[in-house]
Amino acid sequence: MTKVLGIGNALVDLLVSLENDDLLVELKLPKGSMTLVDEKTKENIARLVAALKREMASGGSAANTIHGLARLGVKTAFIGKIGLDEIGEFFQSDLVKSGIEPLLYKSKSASGLASAMISLDGERTFGTYLGAAVELSGSDLKSEHFKDFGILHVEGYLVQNHELLESIMKQASAAGLMISLDLASYNVVEANLDFLKRIAEKYVDLIFANEEEAKAFTGKEPAEALNEISKISKIAVVKIGKKGSLVKSGDLEFEISPVTAKAIDTTGAGDLYASGFIYGLINGLPLDKAGQIGSILSSTVIENIGAKIPDNSWPVLKEKIKSISLI
């Protein structure tokens, strides 16, 4: 089976259940966005949420996708940078526990921490302190990192470092990997639009975007955005929340029906959709079936707090996926 390499910010998520959205206003964090914060703001967030229900889990967009693929039996590895602290140890041990090969660099800086604040409607807002994660550079990467892999999945959050993202794309392309890019967050797309478009058109084979990211990338609504993105990459996926998703490759276009779910926390929905979709591609399934598998995983993760699907849910999910594969 094709091996998948993920590269992204090695972060641990601090998952906080909000009682209302007043805290987001106080912190000046746009609801539903990912905002980079400094160490002082990170500490301020920790202080303000101290009395709220919270838990910790390994995270980072690309790492979440790789975790999902690993649970589906795909051989995977992840490249990132962590600190020499408890948070970094937590991140690495979670990779190992999940059967993911850790290709981690280490720094004396504090490990990255993403404070994921979950509103009552399930929407999540990130205040992200990158710490050691942001120190990953293009010079860290070697050609041997890309050997024996068939697909590279990269999170759009890395666009904060243009040199790193371009180096990743060049080396993966030279090694013949299929390149998958998740656009990550609408405000990240808006801030790096010209660069993202150039990189995507030159290197990327598969683009994942939600409705807001697709609009930020193209200026258009989902259906038209899908067409625009499909002109740039071989496969375009636009996720439209409760309405499902749209997939296009060349003249083939599919509307994927949503899977009904009671959303508690949307953290990881797009990441796990990517897990399911890439799993479908690896197994040679048509694009509509790959999208169906993505929908199954994303609908499951949003019924739980955090970006991981609970262990006891996977046996049932694998049976559902198997039935889709056999139809």
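**Cavity, pocket, strand and helix**

A: The largest cavity is lined by Asn9, Leu130, Ala133, Val134, Tyr157, Leu158, Gln160, Asn161 and Leu164. On a 1 Å grid over the protein atoms alone, a cavity is a set of points where a 1.4 Å probe fits but cannot get out, and lining residues have an atom within 4 Å of a point. This is a predicted model, in which local features need pLDDT of at least 70 and side-chain atom pairs pLDDT 80 or more, while totals for chains, interfaces and linings use all residues. Residues are numbered from 1 along each chain as its sequence is written, and side-chain values use heavy atoms, with hydrogens and water left out.

Q: How much space lies in the largest cavity?
A: About 50 Å³, a volume being the space filled by probe spheres set on the grid points, which are joined across faces, edges and corners. The structure holds 1 cavity of 30 Å³ or more.

Q: Which classes of residue make up that lining?
A: The lining of the largest cavity has 6 nonpolar, 3 polar and no charged residues. Ala, Val, Leu, Ile, Met, Phe, Trp, Tyr, Cys and Pro count as nonpolar, Asp, Glu, Lys and Arg as charged, and the others, Gly among them, as polar.

Q: Turning to the second largest pocket, which residues lie nearest its centre?
A: Arg71, Asp94, Lys308, Ile309 and Asp311, out of 22 lining residues. A pocket is an open set of points with protein on both sides within 12 Å along at least five of seven lines. This one has a volume of about 390 Å³, and its lining divides into 10 nonpolar, 6 polar and 6 charged residues.

Q: Now Thr125: is it buried or exposed?
A: Thr125 counts as buried because its relative accessibility is 0%; buried means under 20% relative accessible area, with a 1.4 Å probe and protein chains only. Thr125 is found in strand E8, residues 124-129, a strand being a DSSP run (E) of at least two residues and a helix one (H or I) of at least four, numbered from the N terminus.

Q: What lies 2.9 Å from a polar atom of its side chain?
A: The backbone nitrogen of Gly32.

Q: And helix H10, how many of its residues are buried?
A: In H10, 12 of the 14 residues are buried, among them Leu272, Tyr273, Phe277 and Ile278. Gly284, with a positive phi near 70°, follows H10.

Notes
Buried means under 20% relative accessible area, exposed over 50%, partly exposed in between (1.4 Å probe, protein chains only). A polar contact is a pair of N or O atoms within 3.5 Å; within protein, one must be able to donate a hydrogen and the other to accept it, and residues adjacent in sequence count only if both atoms are side-chain atoms.
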